Amino acid sequence: MSTAFSAAKFTSPPFPLRSHDKPLFDPLKIPNATSPFLGSTRKIRRSSSTKLNLHRRSGTVVAVSDVVKEKKSKSTSSLLITKEEGLELYEDMVLGRAFEDMCAQMYYRGKMFGFVHLYNGQEAVSTGFIKLLKQQDSVVSTYRDHVHALSKGVPARAVMSELFGKTTGCCRGQGGSMHMFSSEHNLLGGFAFIGEGIPVATGAAFTSKYKREVLKEADCDHVTLAFFGDGTCNNGQFFECLNMAALWKLPIVFVVENNLWAIGMSHLRATSDPQIYKKGPAFGMPGIHVDGMDVLKVREVAKEAIARARRGEGPTLVECETYRFRGHSLADPDELRDPAEKAHYAARDPITALKKYLIENSLASEAELKAIDKKIDEVVEDAVEFADESPLPSRSQLLENVFADPKGFGIGPDGRYRCEDPKFTEGTAHV
Amino acid sequence: MQLQPKLIALQLLHLRNPALGEGLEEEMERDPRVCVMGEDVGHYGGSYKVTKGLATKFGDLRVLDTPIAENSFTGMGIGAAMTGLRPVVEGMNMGFLLLAFNQISNNCGMLHYTSGGQFTIPIVIRGPGGVGRQLGAEHSQRLESYFQSIPGIQMVACSTPYNAKGLMKAAIRSENPVILFEHVLLYNLKERIPDEDYICNLEEAELVRPGEDITILTYSRMRYHVMQAAKTLVNKGYDPEVIDIRSLKPFDLYTIGNSVKKTHRVLIVEECMRTGGIGASLTAAITENFHDYLDAPVMCLSSQDVPTPYAGTLEEWTVVQPAQIVTAVEQLCQ
């Protein structure tokens with residue numbers, strides 16, 4: 001079983017599109033199987049470590065859209081980015097990495113609590129996609145949302161304060177790590193349950209179409225990006241929204257950050273057909289698989305997917321093969337993953353890769369990149385200082401924001417609306 | 001009352017439910033951001049004909065026929081509400097919204113708060129619920145008891161054409177997420193309603209019949225059982241005050257309190273199950289706030305904690321009947 005799949009993931013030639021009646025791998029033909037139990041991770045670890053190939057996979061793009069294939073062949077002959085773009089991408093990824101590293105430090109120092117899920121290793125996906133968006137475009141994320149927020153433009157100070165639970169946080173300290181929102185930057189969350197953000201993203205895309213066709217705002221071409229992981233792709237909301245988005249040609253891109261692990265559940269153990277991108281065409285949209293450790297490849301695919309949505313041609317499913325360098329959350333001991341697998345992906349660190357590309361193609365010098373590193377360090381330290389010095393929420397904040405219209409708390413025994421009670425603003429009112 | 005099957009069919013095919021449909025139509029005319037989403041709301045006109053004619057008038061995007069995916073299309077409505085639209089999501093039967101509980105609880109109710117007030121969710125979630133005529137257990141559910149604990153939502157139940165239209169319009173205009181509970185057996189009521197624009201206050205209860213002896217609190221279809229019982233009670237010399245609480249969350253403690261202070265006796269008549277229903281919460285609220293005014297413990301008549309049986313006789317026994325209400329009042333007023 002692992003043999004066939006390893007061939008698909010780790011070697012250079014793109015795997016052939018298989019015929020429908022032959023399964024990609026026969027789960028019963030596990031090499032060296034001592035038990036009939038399907039999908040033991042030990043077997044995956046053992047076989048995959050012998051099959052590991054440290055060549056970087058060419059971004060195997062298996063797409064339905066011809067346009068993407070065309071673009072791919074054009075781009076190999078010239079540089080994919082300008083110096084300016086390159087530096088922007090580099091800075092964004094370094095910000096993501098430095099911020100998350102600082103989060104880990106702060107967590108262990110007792111400045112933030114609860115469940116904190118870090119994005120280290122996946123920066124290419126966030127940067128590759130979100131840096132192509134306009135401010136009015138929307139992003140919907142999951143609990144692993146810090147870096148999506150930063151890429152979308154939410155200031156590092158606001159995100160760090162939110163993590164510290166301070167009033168200056170982007171959600172006034174009321175959301176926390178898993179609920180980053182920004183109406184200014186059109187970041188529609190931050191969701192703790194997997195899959196529950198996808199319908200919200202579909203709704204935002206619906207609004208975009210509605211504005212164009214019903215409200216006659218002819219130039220409304222806002223696009224929504226929904227980010228989620230491999231585990232989510234077995235969830236009903238994923239499939240239900242793929243259907244609706246394709247049905248109504250909604251301007252949305254479904255971005256799968258396939259990092260192979262849902263906490264301790266290997267994607268291969270959870271999914272009957274692990275090739276997620278193939279589920280797009282089943283619903284009538286292109287499905288694309290891209291090397292999510294390479295920001296330039298992600299960006300090329302993202303460009304086409306976003307443009308497609310803007311043109312009104314409908315959704316795209318993009319599966320980014322990526323990896324999280326840390327555990328699922330800061331509470332995860334991360335004991336199940338094979339060190340060889342981790343090493344393989346560490347060698348494909350997207351930041352190192354981009355740095356190499358920029359220097360080799362004379363787009364930037366070491367000194368310029370180091371200057372960016374230093375600048376980001378200062379930004380992140382400033383964010384921590386700001387968060388540290390910011391005030392904790394006072395009692396009066398407790399009852400605010402439960403309702404947009406606080407009349408929703410109802411009418412009290414004295415005939416007045418409860419929100420008119422002065423204890424209401426003190427946060428001590430009994431509701 | 002047994003209607004001939006042919007007559008029922010005619011009603012369903014040709015009559016649109018006027019009050020609710022009118023309320024919806026007027027709000028859609030008034031504000032182009034108001035849209036409808038749900039199963040069979042468009043071309044079919046709604047399984048209870050509430051949205052009949054709207055798709056022809058406003059188009060397929062404004063009256064959106066969704067696939068059968070409650071959790072996802074409710075979530076889609078929430079995403080649309082966050083980004084500027086004012087959707088009205090229909091649960092074909094309220095019970096189906098159990099599938100949307102994730103979205104209703106986590107996103108509809110909580111999102112305004114967790115976003116620190118940045119996003120509002122002016123969504124209306126509505127549909128028919130309650131015990132019908134032998135519809136079976138799953139089509140006879142009372143979801144108000146399940147949803148009542150969700151912070152951040154309001155719940156109202158309509159019971160007459162007048163308050164149905166008024167509450168529909170108020171719910172659409174509200175910036176808060178509102179769940180509007182309709183009842184399967186109340187769609188064919190007829191009543192003269194004003195031509196001019198009016199709304200009903202979402203947070204207020206409705207005094208149905210003033211009285212001195214006892215406060216009877218009810219909502220939705222049980223209002224009619226209460227009023228039927230009231231006829232009998234009046235003949236027996238009692239003077240019940242009947243209040244349709246309408247606002248299931250939050251409770252209108254002013255109207256309710258004033259009544260309790262006057263009569264000193266409270267009977268709650270509801271269709272929710274005994275356990276954890278609206279009546280249970282209301283009993284707690286009254287005892288907490290008006291204990292000093294009570295001459296007797298609050299009595300609550302609810303449906304039996306039984307999955308609604310199909311057989312007609314059994315079904316009748318799960319729901320509170322007028323005779324039981326009369327007995328309860330006589331008991332309380334001793």
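Analyst: B:N188 sits in the loop between β6 and β7 (206–209) of chain B. Helices (H or I, at least four residues) and strands (E, at least two) are DSSP runs, numbered from the N terminus. This is a predicted model: local features need pLDDT of at least 70, side-chain atom pairs count only at pLDDT 80 or more, and totals for chains, interfaces and linings use all residues. Residues are numbered from 1 along each chain as its sequence is written, chains are lettered from A and ligands numbered from 1 in the order written, and side-chain values use heavy atoms, with hydrogens and water left out.

B:N188 counts as partly exposed, at 46% relative accessibility. Buried means under 20% relative accessible area, exposed over 50%, and partly exposed in between (1.4 Å probe, protein chains only). B:P161 is 27 residues from B:N188 along the chain, and their C-alpha atoms are separated by 9.1 Å.

Helix α8 (residues 161–173) of chain B holds B:K165. B:K165 forms a salt bridge with B:E22, with the closest N and O atoms 3.0 Å apart. The pair links distant parts of the chain: B:E22 is in helix α2 (residues 18–30) of chain B, 143 residues from B:K165. A salt bridge is a side-chain nitrogen of Lys or Arg within 4 Å of a carboxyl oxygen of Asp or Glu. Side chains of opposite charge can pair when their charged atoms come close. Here the two partners differ in cover. B:K165 is buried, with a relative accessible area of 1%. B:E22 is partly exposed, at 29%.

The pair does not stand alone. B:E22, B:E26, B:E27, B:R30, B:K165, B:K169, B:R173 and B:D197 are linked in a network of salt bridges.

Next, the end of α8. B:R86 and B:E175 meet through their side chains in a salt bridge (3.2 Å, N to O). B:R86 lies in strand β3 (residues 86–90) of chain B and B:E175 in the loop between α8 and β6 (178–183), so the pair ties together parts that are 89 residues apart in sequence. B:R86 counts as buried at 7% relative accessibility, while B:E175 is partly exposed at 34%.

Another glutamate, B:E270, is found in strand β11 (residues 266–273) of chain B. B:E270 counts as buried, at 1% relative accessibility. B:N163 lies 107 residues from B:E270 in sequence and 18 Å away in space, C-alpha to C-alpha.

Now the whole of chain B. There are 13 helices and 12 strands in this chain. Of its 334 residues, 61% are buried. The C-alpha atoms fill a box of roughly 60 × 55 × 40 Å, taken along the principal axes. A compact globule of 334 residues would have a radius of gyration near 20 Å, and chain B agrees, with 20 Å. That radius is taken over C-alpha atoms, and the globule rule is 2.2 Å times the number of residues to the power 0.38.

A:D334 forms a salt bridge with A:K342, and the closest N and O atoms are 3.0 Å apart. A:D334 is buried, with a relative accessible area of 14%. A:K342 is partly exposed, with 24%. Over all chains, the structure holds 50 salt bridges.
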